[in-house]
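This briefing is meant to be read beside the sequence and the coordinates.

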Amino acid sequence: MSETNGFEPKIVAYVCNWCTYLGADLAGTSRLEYPSNVRIIRLPCTGRIDANLVVKAFEIGADAVLVSGCHPGDCHYNAGNYHARRRWILFRELMETIGFDMRRLHFSWISAAEGKKFQQVITEITEKTIALGPYNPYGAEPRVEPLSPMPQAAAGACDPAAELELRTAAKRVLESGQANVVIGYGARGPVFITRPDDVDRLVWNANCHQNLATYLKRKEIRALGKAAIVMKGCDERALIILERESQIARPDLHVIGMACNGMGQPKCAACDTRETRFADEKISSAQPPADMPDRYVAVDQILAMEPADRMAFFTAEFDRCLKCYACRQVCPMCYCERCIADKNRPQAIDTSPHRQGNFAWHIARAMHLAGRCVGCDECTRACPAGIDLRLLNLTLARTAEQQFAYRAGMDPALDPLIGTFSLQDKEEFIR
Amino acid sequence: MSRIGVFVCWCGENIARTVDIAKVVESVAEIPGVRCAMNYKYMCADPGQAMIREKIASEKLDGVVVASCSPHMHMKTFRRAAAAAGLNPYRLEMANIREHCSWVHADKEEATRKASDIIRLAVAKVGYDHALNPIKVPVTRRAMVIGGGVAGIQAALDVAEAGYEVVLVEREPSIGGKMAGLSETFPTLDCSQCILTPRMVEAGQHPRIKLYTYSEVESVEGFIGNFEVTVRKKARYVDIDKCTGCGECSKVCPLKKNLSEFDYGMGMRPAIYMPFPQAVPARPVIDKTQCAKIIRNGCGLCEKKCAPGAINFKDEDQLVKEKVGAIVVATGYKLYSIGKKQESEKITGYGEYGYGKYKDVIDSLQFERIVSASGPTNGEIKRPSDGKTPEKVVFIACVGSRDNAKGLNYCSKICCMYTAKHTMLYKHKVHHGEASVFYMDIRSGGKNYDEFVRRAIEKDGAKYYRGRVSKITEENGKLIVRGADTLAGVPVTIEADMVVLAAAMRPADGIEELAQKLNVGYDENGFLMESHPKLRPVETNTAGVFVCGACQAPKDIPEAVAQASAAASKVMVTFAANELTREPEIAVINEQTCAACYACVRTCPYHAIEKVELRARNGTLIKYAARVNQGLCMGCGTCVSVCPSKSADIEGFTEEEIYSMVEALA
């Protein structure tokens with residue numbers, strides 16, 4: 001056709017079986033013509049359509065993707081579309097930050113009675129995509145954008161008495177048999193104290209920034225039996241999530257809460273959990289900083305760039321990824337026995353350290369951490385390639401807080417962000 | 001290498017007109033794994049199906065793609081054909097090249113290209129299709145009906161008559177529900193008790209109906225065919241097996257001035273009472289909040305008087321478990337509380353009508369008792385305040401209904417009819433009296449319904465004013481009703497002796513808690529949600545749980561009864577075989593890789609996923625995991641999306657199938 005200049009866009013539509021698929025059927029029965037570029041993939045419900053599928057569509061060269069299902073209240077399965085909508089809100093924010101061309105990603109509710117709407121939506125998406133031209137998000141020229149450094153908090157003074165108190169507590173816990181192992185900080189990284197005589201190996205100083213909760217998932221640690229763990233207020237949030245996800249039995253865990261005046265990390269600048277809230281015993285005390293900077297200033301900095309620049313920036317970042325999975329290994333929330341990245345039937349995420357697979361991995365990882373990441377920033381610190389992974393986690397944490405008043409691990413009573421929904425979830429992006 | 005057969009249908013000219021069949025066949029024949037590519041004018045016709053069957057046999061096909069119309073149209077047809085030829089039906093896929101292609105594209109070249117692509121996707125998918133077998137779930141062929149009003153009684157009797165046992169659970173001391181308290185019913189004016197009480201007796205005496213009155217559902221476990229319901233039998237303080245129903249206890253009870261629940265406060269009853277003479281079971285109950293013996297170990301006269309020794313002051317609530325295969329919910333309605341006190345903040349009352357303040361402003365169910373031959377006034381119309389016969393009665397329709405300002409925006413459906421009935425019943429007993437009605441619209445759709453309303457107006461002379469009442473005040477023993485006649489455009493003031501308010505219908509108390517126990521949805525007004533408003537009107541989204549009567553929406557007796565029989569018939573369908581057969585396209589969880597985070601458990605709209613412990617043969621715990629209950633899963637796949645390790649998957653739409661389709665587009 002002349003107006004396309006020979007460009008035939010590839011449009012992938014993931015649709016639910018009961019509304020949009022039938023809407024497309026009705027468009028057929030009503031002989032409502034629309035451009036032929038769309039390829040429909042039928043799924044039972046929008047609840048089944050996850051971020052990986054959308055990313056996959058762009059990987060195989062889609063110029064635009066449509067996700068469409070039943071209107072709110074009409075879901076054949078009661079609530080699949082509500083669950084989907086919440087995930088899409090988060091997913092869109094993530095893609096926005098990464099710099100995907102959001103004009104290529106479409107969401108709609110099309111009922112079985114809306115053959116006309118199906119025709120309109122497909123026609124408009126096709127025309128729009130033709131106007132935009134071919135798309136290859138993975139073809140961006142990588143470019144390192146200088147980001148102004150994150151606000152660093154000065155390391156607060158550590159109470160020397162606290163270290164002594166900690167050792168005494170650890171000794172008591174081990175001697176009384178309350179725990180078989182104390183997980184704490186040592187002079188050169190984590191220590192796992194099993195004998196009361198060794199408690200002097202425990203330290204409490206300005207280098208204790210790591211979140212030790214990650215060791216609770218390790219088989220070799222679990223094999224030691226009941227554990228006591230040294231936790232800061234920020235680390236403790238991870239325990240709340242892990243308990244919620246049935247990964248730890250909180251009554252079996254003895255938590256020694258250390259008050260912390262900041263460890264000089266970016267996360268410390270806006271920290272409002274300087275003391276543990278649910279620890280079994282608390283040592284020392286701390287005050288939140290007087291003036292609290294915006295927690296999400298790094299995201300604003302990214303979003304201040306043009307989408308193409310953001311894409312160039314993240315392409316440069318992800319291009320350095322070695323797929324060493326240090327980020328996964330160190331994350332307290334990554335405890336799956338078999339990671340989706342290691343699942344090869346089908347291969348949702350390309351394992352070789354190439355651009356597409358790197359994008360797919362980091363998007364999937366961020367989505368898995370939505371509403372779960374407690375912002376310990378271990379992934380960023382562990383990354384040997386220095387990828388600023390924090391930006392992705394912060395993006396979703398920001399969305400969670402701003403749109404759903406949800407902060408991971410803050411309120412143990414709150415239902416998880418993903419897996420629940422509200423009828424009031426915003427849907428201005430869905431047509 | 002798979003052996004896939006592709007069968008391209010012309011659908012007469014429907015597909016062939018815009019899709020170049022020959023070209024399509026040629027291109028799909030080259031797809032790796034495709035053993036043969038055929039085409040025929042009408043694949044769904046006998047010769048077409050025969051061709052598929054023949055090729056499955058001769059080419060030993062292990063997968064089939066039929067490229068024709070929508071799977072919603074003919075998937076079953078073709079899967080049956082495949083099964084007949086010995087191929088597992090779930091290894092057949094359809095490529096929709098009619099609705100999604102030939103009918104919506106005019107350009108032959110484009111349509112042909114798209115058709116080839118659509119078939120390519122289906123071929124990619126069919127290569128990963130698992131052979132599936134229908135899931136069999138054992139069925140306990142025994143039903144529970146919750147609520148013993150007219151709908152519940154009807155449902156219970158229907159199911160029992162079909163030969164199945166029924167457990168009927170009623171919250172009140174007697175079955176009968178609201179209808180037992182009605183006077184006469186529209187549009188025939190036949191006596192409510194004359195119709196209902198024989199049915200109550202029948203239900204009470206039926207050999208296959210087990211009656212739990214004064215009992216409530218405590219908890220529900222299990223799933224279709226296999227529910228276990230715990231019923232709380234509230235302490236009645238009367239052994240209903242020993243009791244003969246003689247009524248001596250009520251006669252000797254000194255505490256006779258308690259407002260009768262059955263008469264909606266229009267009459268009195270003792271502390272030990274039978275709610276009404278025709279109660280089923282005809283056994284009394286002691287109100288523990290009133291009985292002097294229970295409160296302060298006083299009195300005890302009834303115990304002394306009771307010859308069979310049926311009184312037991314030490315009675316306690318009992319929990320009993322019942323195994324049933326299906327549940328019918330028929331919990332009915334209550335009236336909107338007109339006064340200030342409301343059940344939720346968004347609903348407000350009508351302070352301006354003085355209900356609760358003026359004794360002679362009553363609601364419609366109270367009027368039913370006053371006008372009922374078995375009521376506290378023996379059917380003589382006497383107003384509550386002084387027992388005088390009211391000369392002028394004002395009836396106000398839509399009190400609460402269709403009133404956004406009060407928080408209820410729905411129509412209660414039956415008020416127009418019963419208000420017309422009320423005017424008639426009143427006029428038939430007080431011939432010189434004047435009945436006036438304030439209404440918004442008259443909604444009298446139904447067999448002989450509009451004729452009935454016309455009769456009230458034209459024959460019995462009820463005065464109908466289209467308009468609302470703004471305020472009711474009391475002056476010198478008269479109720480001053482200030483309203484408007486909007487048709488005449490004039491204000492109307494009536495000095496009435498009594499006012500009857502047609503209050504909105506609300507679902508019965510505790511409906512939301514019950515719905516949560518049953519995992520059934522309810523709307524913003526608390527009415528239970530049917531699975532589909534038109535095609536599945538008595539099913540709910542929990543398989544095996546059905547609804548009927550006013551708990552689903554406001555409705556009148558004929559409708560409630562019809563719906564009850566519909567629900568009963570659905571129960572019978574469930575019980576038709578020893579095993580239920582369910583579609584196998586549901587979720588499966590790989591327990592080996594499951595990390596037991598239970599995101600799926602929290603997300604599943606059907607509560608179909610359970611936490612399980614995997615144990616070695618010697619009993620040591622290996623790990624925790626999630627497992628799909630095949631009786632509950634509906635196959636939406638929401639669990640797959642939230643599963644971080646993708647240990648969950650949906651048969652028929654597996655990850656491998658979906659990704660193979662997307663990748664076929666590369």
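Between which two elements of chain B is B:N519 found? In this predicted model, B:N519 is found in the loop that runs between α14 (511–518) and β29 (545–547) of chain B.

- Most residues other than glycine have a negative phi.
- B:N519, a residue other than glycine, has a positive phi near 60°, and with 18 C-beta neighbours inside 10 Å it counts as partly exposed.
- A:S246 is likewise not a glycine and has a positive phi of about 60°; A:S246 lies in the loop between α7 (233–244) and β8 (253–258) of chain A.
- A:S246 is partly exposed, because 16 other C-beta atoms lie within 10 Å, a count between the limits of 12 or fewer for exposed and 20 or more for buried.

**Cis peptide bonds in chain B**

- Most peptide bonds are trans.
- The bond from B:F186 to B:P187 is cis, with omega near -5°, and B:P187 lies in the loop between β8 (184–185) and β9 (190–191) of chain B.
- The bond from B:V280 to B:P281 is also cis, with omega near 0°, and B:P281 sits in the loop between β15 (272–273) and β16 (285–286) of chain B.

**Contact between chains A and B**

- In this contact, 49 residues of chain B meet 51 residues of chain A.
- Elements that give two or more residues to the chain B side include α4 (98–102), α5 (108–126) and α18 (655–664) of chain B, and α18(B) provides the largest share, eight residues.
- By class, the side of chain B that touches chain A has 25 nonpolar, 14 polar and 10 charged residues.

Terms used. Residues are numbered from 1 along each chain as its sequence is written. Chains are lettered from A and ligands numbered from 1 in the order in which they are written. This is a predicted model: local features need pLDDT of at least 70, side-chain atom pairs count only at pLDDT 80 or more; totals for chains, interfaces and linings use all residues. Two residues are in contact if their C-beta atoms, placed from the backbone, lie within 7 Å. Helices (H or I, at least four residues) and strands (E, at least two) are DSSP runs, numbered from the N terminus. Ala, Val, Leu, Ile, Met, Phe, Trp, Tyr, Cys and Pro count as nonpolar, Asp, Glu, Lys and Arg as charged, and the others, Gly among them, as polar.
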